[in-house]
Amino acid sequence: MTNVNNFAIIGHLTADAEEFNIGNNTYVSFRVAVNRVRAPKKFISDTLRAKLTKGASVLVSGRFESGHYEKDGQKKFYDYLSAATIQHDVNGGFSEGLLMGNLTADVATRTTQNGGTMVTFT
């Protein structure tokens, strides 16, 4: 099996896209229904960036990334969906995702402060 770390999400944006920097790289971050998605800014044209607004429907595919880095002597962990393709104005009023890969640890379930349920896996 080749390239098992892939995802595809169709849904509505829950907030406008935002730009941020990590080192010398600029990214665009946006939330699709249930998770955060980001892509290198050079990958997203200004025209597409302008269409990434709250409530817009998108189809995003790419890969899941997680890891850690050191900052101020502390280990910081991250996980996000790294977009490879983004289509805007897709039809459908649904939020659905497909993530393919190998689990590297047991799945953990917890309750959030507002009473929601969250599942964490790597």
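**A nonpolar patch, a hairpin and a ring pair**

In this predicted model, L103, V107, V119 and F121 make up a nonpolar surface patch of about 360 Å². Such a patch takes residues with over 30% relative accessible area and no salt bridge, joining nonpolar side chains (Val, Leu, Ile, Met, Phe, Trp, Tyr) within 5 Å and like charges within 9 Å. A salt bridge here is a side-chain nitrogen of Lys or Arg within 4 Å of a carboxyl oxygen of Asp or Glu. Areas come from the Shrake-Rupley method with a 1.4 Å probe, and for residues only the protein chains shown count as cover.

Strands are DSSP runs of E, at least two residues long, numbered from the N terminus. V119 has a relative accessible area of 45%, so it is partly exposed (buried is under 20%, exposed over 50%, partly exposed in between).

Strand β9 runs antiparallel to β8 (residues 108-111), with 4 bridges joining them; pairing takes at least two DSSP bridges. Across the pair, R110 faces M118 in β9. The hairpin has 5 residues between its strands, and G115 takes a positive phi near 90 degrees there.

As for rings, the structure holds 1 aromatic pair. F20 and Y27 are stacked, 5.5 Å centre to centre with 20 degrees between the planes. Rings of Phe, Tyr and Trp (its six-membered ring) pair with centres within 6.5 Å; planes under 30 degrees apart are stacked, over 60 edge-to-face, the rest tilted. Y27 counts as buried because its relative accessibility is 16%, while F20, at 24%, counts as partly exposed.

Residues are numbered from 1 along each chain as its sequence is written, and side-chain values use heavy atoms, leaving out hydrogens and water. Local features need pLDDT of at least 70 and side-chain atom pairs 80 or more, whereas totals for chains, interfaces and linings use all residues.

How values were computed: Buried means under 20% relative accessible area, exposed over 50%, partly exposed in between (1.4 Å probe, protein chains only).
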